[in-house]
Amino acid sequence: MSEYNFAYLDEQTKRMIRRAILKGLAIPGYQVPFASREMPMPYGWGTGGVQVSAACLMPEDVLKVIDQGADDTNNAVSIRKFFEKTANVETTAATSEATLIQTRHRIPEEDLTEDQILVYQVPIPEPLRFLEPRETETRKMHALEEYGLMYVKLYEDISQHGQIATSYSYPLKIEGRYVMDPSPIPKFDNPKMEMSAIQLFGAGREQRIYAVPPYTKAVSLDFEDYPFEAMKADGCCALCGADHTYLDEVIIDDDGGRMFVCSDTDYCESRRAAGHVGAQATPQNQEAAAS
Amino acid sequence: MYVAVKGGERAIDAAHEWLSEERRGDRRLPAMSLNQIIEQLSLTVARVMAEGSLYDQELAALAIKQSRGDLIEAIFLMRAYRTTLPRFGYSNPIDTGKMSCIRRISATFKDAPGGQILGPTFDYTHRLLDFKLAAEGDDQLSDDEYDTLKVHHEVHEQSKEIPHITEFLNKDGLIQAEVESDTTPDDLTREPLELPASRALRLQALTRGDEGFVLGLAYSTQRGYARNHAFVGELRIGYCDVEMDIPELGFSIDIGEIQVTECETVNQFKGSKKEPPQFTRGYGLVFGQSERKAISMALVDRAMRWKELGEDFVGAPAQDEEFVLYHCDNIQATGFLEHIKLPHYVDFQSELELIRKIRKEALAHQEAAKSEDNQPLEAAE
Amino acid sequence: MTPLLQVNNIEKNYGARLGCKDVSFDLYPGEVMGIVGESGSGKSTLLNCLAGHLEPDTGEVLFNTRIEGMRDTLKMSEPERRMLARTDWAFVHQNARDGLRMGISAGGNMGERLMAVGDRHYGQIRTQATEWLEKVEISEERIDDRPSAFSGGMQQRLQIARNLITGPRLVFMDEPTGGLDVSVQARLLDLIRSLVRELGLSAIIVTHDLAVVRLLADRLMVMKSGHVVESGLTDQVLDDPQDAYTQLLVSSVLQV
């Protein structure tokens, strides 16, 4: 791929994106417009995240890409291959070894460190979008800090369902100022957003970049008498036995039998390697023989 | 025994292989050449260049071939390629007044200097399938035969400079004059779209916009959703020189020639608190031969000018700059639409948990209410 | 006493057509000003200019703000004006649909204004909303219903509750009883009157209905063709009209 620049984008474009990232870091939670480029993958497939990653990647970086928590989902594979080809960087599935992690819909279970960057793929960056379709109006609402409507939505949820009926893309207030969409991560992950790593968000189609710097206050919206509650399936991982991780539900037979497994595949594997065994797991060596 | 799904990489490779086989089709038949596509599917090539925002027939033909004729896919290939190209600079504005026209018509004047040139149009054809084309007969010429005919070249060279029709109205002050400006227009592909957008930006978005979407919007204005009473003042198709200033030389040079379709509509206008009664205009300019798109573009352009002309916003989609500009790009639209095919099981799982929780509480509530209702009855029993 | 609102020389034209011209008046705290005239007289244009929905061509609209005293609201920045509109000002539209979110429950409609100024306790918001439903004579069982399920009169009462829940200092009302049945109008009028008296509201009410101003307004301005033709205390103007047009207006009502 010598016909393309390192990490695909030309240096000028990367500089433009880096400027947007720096602005985003300076104003946590604020959506910075940027001139998103057409990427060789469709909008909606993570073009925003890919552009942010491309602007951050250095030749010595170690890249991890996850989709739905897993390294081996099709789109994660495809994006990882893209950077292997265009940037020739080392890739890994191990969270702790990665210096840059691009993710779709999850935050890794393992705590991230100050030496890491987490890049989110964002479909709709505007937390107010489904309350107010107009961009001109929502930008004004952010500028004037008019978040009454956001709370009306939460109010309506409680009055109808007895609780806040948002389970993913759960909005947060960043550093007491901007209300931000965390991308469609489950609300289970929201409390992890106050972390040591840099968090960058890229929305390609919507041409927005935003950021949460390390150790920034990120508070999930709620009412004093209906506090935010992280939520996950009630159960343990059938493979590693974890009861503190976000679980995927898997249908295992035609009778609708099901089991729960960790959505973060790397975390699950390292637990099993460390000897944790869930109810339906066989020891690691046997499974390897079977597959 | 459950084993986590693996092998995404192998599945992708196999899918790509299959796709490439399907693209080629039955290999007993000859493969299409790019030249065949350029020459015989020229309007398709034009559309891919227009919406791909890149004037290059060969690349467009390649994109069409590679995409199995899925035009939005082909446009996407063009866009993705275009974005990697370095920018040497910007050309001077093309002068469509100097266009060598292959077609030029006006619906507002029966006769005008330059005359009506029908050109290669479907307009008055009878839409009957021509079964002669289905016969495999070969009308291919040898190079010598071609040279003697030179049909294409002669037409091209015969045409001369033809003035714009709207200029005649302009002389009498009957049509609103466009404000001349030398400010460099914003570049939609280099700057994020921010609203309100300048007219230059709106026109850029429309000319790249999906033909079907722009057509639908234009049609909606004709049916009364912000009706703007458009006539085709002039529609012209032809070739324009592209010139570029070369700082090292100190003058501009021709860097090539492109085919474009230009449409200027003349619209009735009763006047508003800002403007006296006079005709107003809508403008469309598209790469290649694409009059449907150019006319549609002009109608939608005119609809979006309501604020500048002091007209009322009647809430019609075509008037709504934000609605039009955010939704006319088919590459953005198709990407976001199709991305719902990607796995969403994490979000779905959290929805599942939430619904289970709410249902459990609602059912418990119902149960409680029922047993309350039943209390006297049970007591009676 | 400092006026709450001081209006100077408001003029608004629509192209060659006059909207309203040379309008000046003061409004004092606790006072209700009625603006009457037939349709096309410029009264709605004037109200929209005062409330910041329309930009007048000339003039000033000075409001006695809590912190900075008299400020020309026309010269305020948009954030300031929006802040004013959701705290100290309220606007009751003729059509309740314009003033309510039809897809959101009655409670949510009332709660929005509270939450916009920072209320974050669901229970307390709920309690206040329930109290206000009672004040505007809507059964508290309807709190989770959407306004689209309400009658016209109920919608209008809900709009009033949504506006008054944050205790605004100035209320603009545009034909608040227009478009309602006569019996419904009477009930609504009665409600507005008791709220105005009880809360000591300052208000500007635009109407074509003299019965409305007779009941609610302390003072009156009569408008015709964009100009104020007569103004004064309500009883004075209605009982002893000086201007020929006012006389006509009053007599036509009396004949009914």
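**Chain contacts and folds**

User: How many residues of chain B are in contact with chain A?
Analyst: In chain B, 42 residues are in contact with 55 residues of chain A; two residues are in contact if their C-beta atoms, placed from the backbone, lie within 7 Å. This is a predicted model, in which local features need pLDDT of at least 70, side-chain atom pairs count only at pLDDT 80 or more, and totals for chains, interfaces and linings use all residues. Residues are numbered from 1 along each chain as its sequence is written, while chains are lettered from A and ligands numbered from 1 in the order in which they are written.

User: How many residues of chain C are in contact with chain A?
Analyst: There, 16 residues of chain C are in contact with 15 residues of chain A. Two or more residues each come from α2 (78-86), α4 (106-116) and α5 (122-135) of chain C, and α4(C) gives the most, with 6 residues. This side of chain C divides into 6 nonpolar, 6 polar and 4 charged residues.

User: Back to chain B. Why is it called more spread out than a compact globule?
Analyst: Chain B comes to 15 helices and 4 strands. Its radius of gyration, taken over C-alpha atoms, is 28 Å, well over the 21 Å that the globule rule gives for 381 residues, so chain B is more spread out than a compact globule. That rule is 2.2 Å times the number of residues to the power 0.38. The C-alpha atoms of chain B fill a box of roughly 105 × 70 × 55 Å along the principal axes.

User: What domains does chain B have?
Analyst: The assignment gives domain 1 (9-82) and domain 2 (96-123 + 159-328) of chain B; such bounds come from an automatic or database domain assignment. Their C-alpha centres lie 29 Å apart, and 9 residues of domain 1 of chain B are in contact with 12 residues of domain 2 of chain B.

User: What about chain A: how many helices and strands?
Analyst: Chain A has 7 helices and 12 strands. With a radius of gyration of 20 Å, close to the 19 Å of the globule rule for 291 residues, chain A is as compact as a globular protein of that length. Of those 291 residues, 53% count as buried, meaning that 20 or more other C-beta atoms lie within 10 Å of the residue's own, with C-beta atoms placed from the backbone.

User: Last one: how many residues of α6(C) are buried?
Analyst: In α6(C), 12 of the 13 residues are buried, so this helix is largely enclosed by the rest of the structure. Among them are C:M154, C:L158 and C:I160. The buried residues of α6(C) pack against β6 (89-92), α3 (96-99), α4, α5, β7 (170-174) and α7 (182-199) of chain C.

Note on methods:
Ala, Val, Leu, Ile, Met, Phe, Trp, Tyr, Cys and Pro count as nonpolar, Asp, Glu, Lys and Arg as charged, and the others, Gly among them, as polar.
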